[in-house]
Amino acid sequence: MANLADEYGTDVEIYIKALTTTIHADTPTGAPAQLHDLLERLGLERHAYPQEAPLYIWHTVPEHLDADEQKRLATRAIPALLVAGYEVNCTPDVFDELAYQQAVLDLRNRARRPAARQPAPSSTSSPPTPARRTP
């Protein structure tokens with residue numbers, strides 16, 4: 001089995017497997033578990049060979065999706081992978097510019113959301129004492 005991530009020295013190679021319509025996301029041999037977990041959280045399915053002690057792990061886009069949605073799912077994963085610090089390559093026949101731009105926008109919007117704020121301290125009956133200044 002060819003592993004394009006090993007071949008090209010990237011963290012993730014997204015492409016359509018030759019002679020199929022399956023979109024693959026190859027990761028390098030020995031890739032960290034965090035990368036595999038992130039790909040799964042992004043909607044890709046993990047596969048391993050052999051299953052008992054995997055030597056080769058790859059991910060695919062779920063085949064129950066139609067072809068356009070498969071491409072959108074794969075493309076939407078790219079910004080999250082880049083933000084996580086991974087080097088990603090995606091072939092032009094998979095890449096969907098609009099899906100990519102929307103995913104970038106979604107990431108920016110999530111980053112801008114304020115964290116849960118602490119409640120303001122309850123007001124007291126007397127005004128706060130001004131801080132003393134020393135010359």
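**Reading a helix pair and a sheet**

Modeller: Let's start with a crossing: that of α3 and α4 is right-handed. Keep in mind that this is a predicted model.

Colleague: How do I describe two packed helices in general?

Modeller: You give the angle between their axes and the distance between the axes. Here, the axes of α3 (residues 67–83) and α4 (residues 97–112) come within 8 Å and cross at roughly 40 degrees.

Colleague: Which residues of α3 and α4 make the contact?

Modeller: On the α3 side, look for Arg72, Thr75, Arg76, Ile78, Pro79, Ala80, Leu82 and Val83. From α4 come Ala99, Tyr100, Ala103, Val104 and Leu107. Sorted by class, the contact has ten nonpolar residues, one polar and two charged.

Colleague: Now the sheet. In what order do the strands sit?

Modeller: The five strands run β3-β4-β2-β1-β5 across an open sheet, with mixed pairing. At the edges you find β3 (45–49) and β5 (88–90), each pairing on one side only. On average, neighbouring strands are turned by 25 degrees against each other, ignoring direction.

Colleague: How does β5 pair with β1?

Modeller: In the parallel sense, over three bridges, with β1 covering residues 12–16.

Methods. Residues are numbered from 1 along each chain as its sequence is written. This is a predicted model: local features need pLDDT of at least 70, side-chain atom pairs count only at pLDDT 80 or more; totals for chains, interfaces and linings use all residues. Side-chain values use heavy atoms; hydrogens and water are left out. Two strands pair if DSSP finds at least two bridges between them. Helices (H or I, at least four residues) and strands (E, at least two) are DSSP runs, numbered from the N terminus. Axes are lines fitted to C-alpha atoms, for helices over the stretch in contact, and angles run from 0 to 180 degrees between N-to-C directions. A crossing is left-handed if the near helix is turned anticlockwise from the far one by less than a right angle, and right-handed if clockwise. Contact means heavy atoms within 4.5 Å. Ala, Val, Leu, Ile, Met, Phe, Trp, Tyr, Cys and Pro count as nonpolar, Asp, Glu, Lys and Arg as charged, and the others, Gly among them, as polar.
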